[in-house]
Amino acid sequence: MAAGGQQEPGAAELYFRECFEVNESLIGPNEPETLAMLRRLALVYIDEARWPEAEERCRLLCTRWEAAAGPAHARTLDARASWAGTLYQLGRNAEACAVL
């Protein structure tokens with residue numbers, strides 16, 4: 001554990017965060033490859049039950065897919081469902097329902 005009770009980042013987190021940041025700067029924030037790395041980073045946080053980090057990434061993913069492909073696109077809807085799930089895990093049920 002790191003100072004302040006936070007977990008040390010694992011190899012997967014470091015890898016996907018770096019890939020996301022590089023893609024974001026080189027090819028753009030709303031490109032499918034960039035969003036795929038953001039999704040994988042969010043999934044790392046979900047798998048580790050790191051709900052605040054997962055919620056932040058899922059919210060960003062949903063916003064970016066909506067901007068890139070529209071609100072009814074399958075990837076936007078998938079991101080929205082993941083975001084709602086993280087809100088539920090955080091006990092923010094009303095927000096989770098509103099997201100869906």
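Let me start with Glu 48, which forms a salt bridge with Arg 50, the closest N and O atoms being 2.9 Å apart. Please keep in mind throughout that what we are looking at is a predicted model. Of these two residues, Glu 48 is partly exposed, with a relative accessible area of 33%, whereas Arg 50 is buried at 11%, which falls under the 20% limit used for that label.

Turning to helix H1, which covers residues 11-26, we find Arg 17 and Glu 13 four residues apart, a spacing of about one helical turn. Their side chains meet in a salt bridge, with 2.5 Å from N to O.

The next pair is Glu 66 and Arg 80, whose side chains form a salt bridge with an N to O distance of 2.6 Å. Because Glu 66 belongs to helix H3 (residues 51-69) and Arg 80 to helix H4 (residues 74-89), this contact ties together parts that are 14 residues apart in sequence. Glu 66 is partly exposed, with a relative accessible area of 34%, and Arg 80 is buried, with 18%.

How do the salt bridges that share partners join up? They link Glu 13, Arg 17, Glu 48, Arg 50 and Glu 53 into one network, so the residues I began with, Glu 48 and Arg 50, belong to one network with the H1 residues Glu 13 and Arg 17. As for the overall tally, the count comes to ten salt bridges under the rule of a side-chain nitrogen within 4 Å of a carboxyl oxygen.

Definitions and conventions:
Residues numbered from 1 in each chain as written. Predicted model: local features only at pLDDT ≥ 70, side-chain atom pairs only at ≥ 80, totals over all residues. Heavy atoms only, no water. Helix = DSSP H or I, 4+ residues; strand = E, 2+ residues; numbered from the N terminus. Buried < 20%, exposed > 50% of the residue type's maximum accessible area, 1.4 Å probe, protein only.
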